[in-house]
Amino acid sequence: MKKQIIRLRSLVMALAAFTFTVACSDDDSGAGVVTETKADSDRWITVAGAKMGTNPGDGNGGTLVYAVSSEEAKNPDKEIDVFNYGYVVPSNRTARLQASQDGNTLFNITYAGDTGGSFFKYAVNGGQNYNQIGLPVTVAQYVGTAPRWIKLFDEDQTGAAVYVSTNDVVDDKGTDDVTDDEYIKTESKIAIVTLDLENQSINEFKEHTIALDDADASKGYYISRIDMPTLNATGDKLYIGAQVRKKNPETLESDSGYEILGSKTIVLDYPSLDNPTIVTSTVGHGNTNGYRSINSFEYNGAVYQANQSDPNGSHILKIGADNQYDDAYEFSLDDALGVTGAYVLAWRPAANGKAVLAYRHDGSTEGAAGRGESFFALVDLNAKTATKITEVPYEVDMEMFQYQHYAVYGDEIYFTAAPVGKDGNIYVIDTETGNVTKGAKLINTTGSHFIGTW
Amino acid sequence: MKSLLLLLGFLSVAAMAQRNHHRQHGGKHAVLMGKVVDTHGQPLMGATILVDDNKYAAVSNDKGMYFIHNLVLGKHQVKASYMGYVVQQKPITIRQRKTLCDFELKEDSQSLQEVKLSAKSHKTEIETKGFAVSVVETKEASFRNIQTNELLNSTVGVKIRQNGGLGSNVEYSLNGLSGSSVRIFIDGIPMSMYGSSFSLNSIPPAMIENIEVYKGVVPGHLADDALGGAINIVMKKGTDRNYVNASASYGSFNTFQANASGFYRFNKGFTVKFSSFYNYSDNDYEVWGPGVVDVLPNSKTIEIKAKRFNDAYESKGVVFQTGFTNVSWADQFYIGFTGSDDYKEIQHGAFMSTYPYKDRFMESDAQLATLLYQKKDLFIDGLDINLNGLYGTRNRMVSDTNPFIYTWRGELWQDGQNNNQPREYNYGSQQEKDTYGPVLNFIERHVSSMRSGLSYEITPQHKILLNHVYSGIERDDYDEYATDLSNAFTETKDLYKQIYSLSYELNLFKERLKLNLFGKHYRQKVLNNKPSFNENRTEVINDVYKSDKDYNGYGFATSFEVLPVITLMASAEKAVRLPSENEVFGNAGDNISGNRSIKPEISNNINLGIRLGKFSYKNHGLVATTNFFTRNIQDLIGLPINANQLEQDDEVITYGNLENTTKSKGVEFQLNYNFKNNLTAHFNYSRLSLTTTRNGLEIDVANTPLFTMNGGLRYTFQNVFQPQGRLNLFYNFYFTDSFSYKYADGTHTADNGSHIVPTQWVQDLGLNYAFPKNQWVVSFDVKNIFDKAAYDNLSVQKPGRAYYLKLNYTINKL
């Protein structure tokens, strides 16, 4: 009997040894993590990648960021593996990131998840080191747990998040009989909250119920989505981009094949967020709410705004100092690029009025994500010219519909270019000279893509 | 209590006795028989007779007689034990076909623990059939403040995944596979048929005979689709002594639990039995960590320790059965009624997020008629039949009508932008949704289930079993606040399941080699009709989803007893698990949305195990079991691999199939030690890997603990305070290694760590005192003595330190 106990003991020890081996076999975390440095005078450039979710290029698998110095960003020998060495930004779907102008701070409002609707601020410390600053402030109670938000260009003071819900107004003529009901309009309840980025608190919150003018509203046109708040040059008005859709007044179902109205922007007093009015362009038609990148910028006393889904191709529209569309400013990207059906995906001017603009057009081939091959152009807001940047090796799968941001450092604009699932590079364009530098190599992973620099 | 324990002992060996009974017809070996009586010559019914250290066992009948067949000629040790009597051991020599050996046992309450040993023989019996199975005994726990779930949690390879406190949703993980891939049975009937109000949460250990936990490979007689394994809860049959038992416990978080059960058999076999339970808890325990914040009027958030304030739970239920037992035409025939209802407040969505819920709650109820029929040797010897059916309704209602925003302080949020006035959510309810307005959501189900089993023992070595299970759920959902129009278009959600299984059992070489071969055929029908208007609202379109699919599975289990103390076991199964009702149709109360195109998961499971023991040396006893396993799973059903698919707002989750094969391998072992009858100790260890591939990277499956250890000690003091008073001290620990509830993004990525569930080390202490006549037992338990943060599922925190006091009262010999 004693023998059996001894045998048992050795068995237990063998088991323990086995399991210990299992326990320690894959513990190599930390290997290969590089410490990124930059000179005091230099700027961090944050690169972001969007991981594949279910399908290549959908970007639904989460967002990762990695920071290098601008010097390293321009170094073609540098390799950046954001998907394996990056920082995972807490967010479901693609995070919508903003950065301070000096690149030292990254801002994010968590898109859904257990902290959905909470505003976080991170100090950028190079590589995968992003350190949360202070405690989050939440806007979920005003605009839901998956808000659309943007940073205003007021020296990194303010962010603005928006929310819209709609309501059909029907006159039932005081009867239960539905056959005599008359559709009046569809109202949009818009909610805007402004955030103090510095102190991480709420500045202002307002809700308004608005509708288009009676003529359009009675036909079923309504504001279905709002986004991309932009401050005017004097800082007393806030412009909010709008998507206009149409309902069939008979059935209250979504309509299709209707006439596209002139592009519209909601104008509010700032900072009070009162007195909403709607201004309309006669130059551009279609939506002004953009997608995931900032769609309008203040330059030289006016706000320049791109529009999308314009039947005549995207335009850059101008809202003048009088807070009305300046219809004398006509900048058709179809004309400037010599294409048809230009569609602005993401753009950004430097302080000199020269911008990098990502676009696709009717001639784009469908890529992996089915959103169309995309290109970059150098745009001049004053000369109203746009030239395709030819130094980038375009491929069909280089789809930039989720492209979010360009880092601007002096006259230089940094952008990422890589096809879905393939390696690419950072490119840096000197907007004054038009010189393009091929920078650091971006290591990609299956079905994923890069969404810009901050 | 004596009788209660006796009952356990009796039942536990009854199966063996029955089997041996058949053996006599074809037995070539000698028979040992005899009579067991007390010192007054009264026959002792239910005494346990063991030959050669558990090698053969029998139980005495109502005349005190026992028979043991198939004994080899020669010398043997025969031991007789009976609850409350001194064990007697006799050496005998068998020379002829029939040998007599009578026992006269002396009364001695100090031998109470002996039944534990004999009861073990039943445990051993099941554990050495070749399946990777653990048998959990509930006897000790039934006197303590222990939930059935906690008992399971300390079993090797079993991990309970509970979303919070008493009454919250529980899932069971067996060797890392969890959710519906683990099937729970009550006496062989899938527990899901009883509904949420009748669950392991609400069944007290006192009502349970024992729990069999099958890992990976599930025997054919439990005909169901289980991928990760099965847990079969064997309820007390009470076919022996008449008794009444009642207990009540009170403790932290205003938790009150009571249950009562009884059994009475009249002379002619007419039998009545009942059991009932009542549970209540405020569940107002403290939680902290990410998401648990106070939101100031200026919307700043501050992490706080918060008391849960909308999490109360109440459940009550009764099981009443009447019929006949031990009559010529039936061993057991019962018709009965099971009724239960519960009320559960819902504190938050799938995560503990910034804004908790207030006044969101659900109510469930179930009314089921049940039928049970069991007869051994029906018409001919060796043909056993077993029928088990239920029919009834189950309903659930989810209410969410408060539009106001509350914070984790349990108070209305004060809107600093509006003079600190309360604010309503944009969507007019606590849980975020696309449309505005309150929610009053009803689910009505008609459920039916029939399980039938037929087994025939051709010879003592060969047995065939045929089993069939049918279950059907017809479900209607409607929302009280939805427009009349949308309610006019009631969705129908029907799910039907049929499973056939055929098993063959073989035992050779005096039961040293056992083999069980089985094949299963699965069939599931899903019918979902969602009527809606066409675009122009001119006609109604029926959006019909129909699926009728069938699958086959098969497997085997075998064991070989190399030496009496060494048994080798191997089992394998191609297992199929059909998606559950909640996975297909969703369930708002549990924050789950439906996925009607979800596919079944199919796995190849292999187990290899060794059982060593029982080694006895002087007063020491030791049993060790270990099991190695692999799983290879196609279409594993789980939380979606991409965080974004956790629905737009993460307040509800949707189950889906993993695209790539999931692989698992692991090891577990368990040690049980006892010293005399005073000290018992157990320790178990389970470690596994569970990985899948994503974007070419091999990653751990999220939200699965991969390494757990549990252990426990019990020490008994005899004759404390009064002669024959017993004091038991208990200590338990539960260790769970850290795991992530999200999938890893890359090989060396950094993040804020909020998705990591930290290492957990929870310890409990308890004591109970049994008064001399064993009618009264008092227990006191301290759970989570060091008040550590404990989590089971996602980041939802469970209760911290808690105290419970329990009184248990039993009257026998009615």
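Student: Which residues have the most contacts inside the largest nonpolar core?
Tutor: Keep in mind that this is a predicted model. A nonpolar core here is a set of buried nonpolar residues joined through C-beta atoms within 7 Å. The largest one has 156 residues, and those with the most contacts inside it are Val47(A), Val65(A), Val162(A), Val193(A), Leu357(A) and Tyr359(A). Strand β14 of chain A, residues 221-231, gives the largest share of this core, with 6 residues.

Student: And what is Val65(A) in contact with, leaving aside its neighbours within four places in sequence?
Tutor: Its contacts include Val47(A), Val82(A), Val89(A), Leu106(A) and Tyr130(A).

Student: How many helices and strands does chain A have?
Tutor: Chain A has 6 helices and 29 strands. Of its 454 residues, 54% count as buried.

Student: Now sheets. What is the strand order in the open sheet of 5 strands?
Tutor: Strands of a sheet pair through backbone hydrogen bonds, either parallel or antiparallel. In this sheet of chain A, the order is β3-β28-β27-β26-β25, with mixed pairing. β3 (79-80) and β25 (407-409) of chain A stand at the edges with a single partner strand each, so one side of each has no neighbour in the sheet.

Student: In which sense do β26 and β27 of chain A pair?
Tutor: They pair in the antiparallel sense, over 6 bridges. To spot one, find Glu412(A): its bridge partner in β27(A) is Asp430(A).

Terms used. Residues numbered from 1 in each chain as written. Chains lettered and ligands numbered in written order. Predicted model: local features only at pLDDT ≥ 70, side-chain atom pairs only at ≥ 80, totals over all residues. Pairing = 2+ DSSP bridges. Helix = DSSP H or I, 4+ residues; strand = E, 2+ residues; numbered from the N terminus. Buried ≥ 20, exposed ≤ 12 C-beta atoms within 10 Å, placed from the backbone. Contact = placed C-beta atoms within 7 Å.
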